[in-house]
Amino acid sequence: MTSSAASFNRIRIGSAPDSWGVWFPDDPRQVPWQRFLDEVAQAGYEWIELGPYGYLPTDPARLIEETSSRGLKVSAGTVFTGLHHGPAVWEKTWAHVAGIAALTRAMGADHLVVIPSFWRDDRTGEVLEDRALTPEQWRYLTTQTERLGQEVGDRFGLRIVVHPHADTHIDSEENVSRFLDATDSDLVSLCLDTGHYAYCGGDSVKLIETYGERIGYLHLKQVDPEILAEVVANEVPFGPAVARGVMCEPPAGVPALGPVLAAAQRLDAELFAIVEQDMYPCPPEKPYPIAERTRRFLRSCGA
């Protein structure tokens, strides 16, 4: 073990279906879930996320058997929300969240990743609503997210970690800061996705150093700066941008992950750092070699 490896002992590395090109519960262009589980374990990862609900088996007994037989454990589930629409969407949101939260808890995980709804469709690029929220919508977003954090904690013992994401209303440094400043730290933490934050112009190390107590979870990802410049200049939606290769294999892109991990290590917290390289759709043979190289690269960084 290198000295740098010893210094990153607070960080637990994992991967996710996303790194195998999985965005949807069922899609013929995605690898079968059995292959994902086999390959993520073979690539050297111990922790995984559930991915889109319904991709992996949703029966806890079966999923426990399938993961444990491969030496895998679950770090988090993921939900999608449109809480800026206010109390009218609460019941629909909770119906979506509850089943995923129950499976996440049954798998022994402690975190629920919350992704805000997109303002433009990630497949078609259709603009669904204004990219800027009104003051009333910001109040709905913050208060309803706090309510979600309270309910998920009370009912399932999980901590929500909100994921800033391209083409959503929680994206840029300005909007992430506004969201964090307006929410209760006891109820709402952040899932910092280094790739999405860079995609939207943010500095992950600066965010960790500024809002360290709010960082509850990490997604490790890089963007290709040349492709990103074209994407930004031409206002390319996120889905087509991914198809162009805007999210790239480390260490070819930005941000540098070593400094991000070092900044996270300095926090007084145990953190998951889950590798996510968006590449939907992709050939079925593409993910595994990248996953293996990425795990090797992160070890060289000390993780």
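The second largest pocket has a volume of about 250 Å³, where a pocket is, on a 1 Å grid over the protein atoms alone, an open set of points where a 1.4 Å probe fits, with protein on both sides within 12 Å along at least five of seven lines, and a volume is the space filled by probe spheres set on the points. This is a predicted model, in which local features need pLDDT of at least 70 and side-chain atom pairs count only at pLDDT 80 or more, while totals for chains, interfaces and linings use all residues. Residues are numbered from 1 along each chain as its sequence is written, and side-chain values use heavy atoms, with hydrogens and water left out.

**Pockets**
- Lining residues have an atom within 4 Å of a point, and those of the second largest pocket include Trp-119, Arg-131, Asp-171, Tyr-199 and Glu-235.
- This second lining divides into six nonpolar, one polar and five charged residues, with Ala, Val, Leu, Ile, Met, Phe, Trp, Tyr, Cys and Pro counted as nonpolar, Asp, Glu, Lys and Arg as charged, and the others, Gly among them, as polar.
- The largest pocket holds about 750 Å³ of space, and of the 36 residues that line it, Trp-23, Thr-78, Phe-80, Ile-115 and Phe-118 are the closest to its centre.
- By class, the lining of the largest pocket has 15 nonpolar, 11 polar and 10 charged residues, and helix H4 gives the most to it, with four residues.

**Strand E7**
- Strand E7 covers residues 215–220, strands being DSSP runs of at least two residues and helices (H or I) runs of at least four, numbered from the N terminus.
- Six of the six residues of E7 are buried, that is, under 20% relative accessible area with a 1.4 Å probe, protein chains only.
- Strands pair if DSSP finds at least two bridges between them; E6 (residues 189–193) runs parallel to E7 with four bridges, and Asp-193 has His-219 in E7 as its bridge partner.
- E7 also pairs in the parallel sense with E10 (residues 271–275) over three bridges, and Leu-218 stands opposite Ala-273 in E10.

**Glu-46**
- Glu-46 lies in the loop between helix H2 (33–42) and strand E2 (47–49), and counts as partly exposed because its relative accessibility is 39%, between the 20% limit for buried and the 50% limit for exposed.
- Not counting residues up to four places away in sequence, Glu-46 touches Gly-71, Leu-72 and Lys-73, a contact meaning heavy atoms within 4.5 Å.

**Confidence**
- The protein chain averages a pLDDT of 96, pLDDT being the predictor's confidence in each residue, from 0 to 100.
- Over residues 1–6 pLDDT stays under 50. Where pLDDT is low, the predicted coordinates should not be read in detail.
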